[in-house]
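This report walks through a ligand site and several individual residues. The sequence and structure come first.

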Amino acid sequence: MPYEYDDQNIFAKILRGEIPNDTVLETEHSLAFNDIMPKAPAHVLVIPKGPYVCYDHFALEASDAEIVDFNRAIGEVCRMLGVRPGEGGSGYRVISNAGSHGVQEVPHLHVHVLGGRPLGPMISSR
Ligand code: AMP
């Protein structure tokens, strides 16, 4: 079953400028902004501007230009946050939740970039 994109989701509204956001970085195909309920001292969401529901949708159907732009944006956010281990930072975690088991709340692809404190185990239980 193909993905159906709901253009009334909150990130679509952010991209249309209908609700405000705390922008960290904007590129041709991507937007990064601070999470409204941060789970760590640094918690930035990176989203593509295109109508992709989740990671696999984007990875399989986005253009090469969008995929490159999105991944570069994630790297640039890591640099801006000062969390890159290769630049003396303490590290970070990148998470993208998808679907019901992934506990995805907003049906527009987003990657969480978390850092600024030890983040603990990847998941709490099996
Ligand atoms: P997920 O569970 O992966 O879908 O995460 C959705 C994330 O979006 C949560 O961490 C929310 O705090 C965040 N969020 C929801 N609305 C907004 C908003 N208006 N601005 C920034 N972040 C938001």
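His112 is buried, because its relative accessible area is 12%, under the 20% cut-off. The residue is found in strand β5. Its side chain makes a polar contact with the side chain of His43, at 2.8 Å. His112 is also listed among the closest residues to the ligand. The model is predicted.

**The ligand site**

How many residues surround the ligand? The shell holds 17 residues. The closest are Asp35, Asn97, Glu105, His110 and His112. By class, nine residues of the shell are nonpolar, five are polar and three are charged.

| Residue | Protein atom | Ligand atom | Distance |
|---|---|---|---|
| Ile36 | backbone N or O | nitrogen | 3.1 Å |
| Val103 | polar backbone atom | oxygen | 3.2 Å |
| His110 | side-chain N or O | oxygen | 2.8 Å |

Taken alone, the ligand exposes 500 Å². The protein buries 89% of that area. The ligand sits in the largest pocket. Which elements give two or more residues to the shell around the ligand? They are α1, residues 10-15, and β2, residues 30-34. The largest share comes from α1, with three residues.

Val103 lies in the loop between β4, residues 92-95, and β5, residues 111-115. Is Val103 buried or exposed? Val103 counts as exposed because its relative accessibility is 55%, over the 50% cut-off. Its backbone also deserves a look. Phi of Val103 is near 55°, a positive value in a residue other than glycine. Most residues other than glycine have a negative phi. The backbone of Val103 also supplies the polar atom that lies 3.2 Å from an oxygen atom of the ligand.

Pro107 lies in the loop between β4 and β5 too. Its relative accessible area is 31%, so Pro107 is partly exposed. Pro107 and Tyr52 are 55 residues apart in sequence. In space, their C-alpha atoms are 8.2 Å apart.

**Ala62**

Tyr52 comes up again with Ala62. Ala62 and Tyr52 are ten residues apart in sequence. From C-alpha to C-alpha, the distance between Ala62 and Tyr52 is 8.0 Å. Where is Ala62 placed? Its place is in the loop between α2, residues 55-61, and α3, residues 64-81. Ala62 counts as buried because its relative accessibility is 11%, under the 20% cut-off.

**Asn9**

Asn9 is found in the segment before α1. That helix gives three residues to the shell around the ligand. Asn9 has a relative accessible area of 4%, so the residue is buried. What does the side chain of Asn9 reach? It reaches the backbone nitrogen of Phe11, at 2.9 Å.

**In brief**

Ile36 brings a backbone N or O atom to 3.1 Å from a ligand nitrogen. His112, in strand β5, is buried at 12% and pairs with His43 through a side-chain polar contact. Val103 is exposed at 55%, and its phi is positive.

How values were computed:
Residues are numbered from 1 along each chain as its sequence is written. This is a predicted model: local features need pLDDT of at least 70, side-chain atom pairs count only at pLDDT 80 or more; totals for chains, interfaces and linings use all residues. Side-chain values use heavy atoms; hydrogens and water are left out. A residue is near a molecule or strand if one of its heavy atoms lies within 4 Å of it. A polar contact is a pair of N or O atoms within 3.5 Å; within protein, one must be able to donate a hydrogen and the other to accept it, and residues adjacent in sequence count only if both atoms are side-chain atoms. Accessible areas come from the Shrake-Rupley method with a 1.4 Å probe; for residues, only the protein chains shown count as cover. On a 1 Å grid over the protein atoms alone, a cavity is a set of points where a 1.4 Å probe fits but cannot get out, and a pocket is an open set with protein on both sides within 12 Å along at least five of seven lines; lining residues have an atom within 4 Å of a point. A molecule sits in a cavity or pocket if more than half of its atoms lie within 2 Å of its grid points. Helices (H or I, at least four residues) and strands (E, at least two) are DSSP runs, numbered from the N terminus. Ala, Val, Leu, Ile, Met, Phe, Trp, Tyr, Cys and Pro count as nonpolar, Asp, Glu, Lys and Arg as charged, and the others, Gly among them, as polar. Buried means under 20% relative accessible area, exposed over 50%, partly exposed in between (1.4 Å probe, protein chains only).
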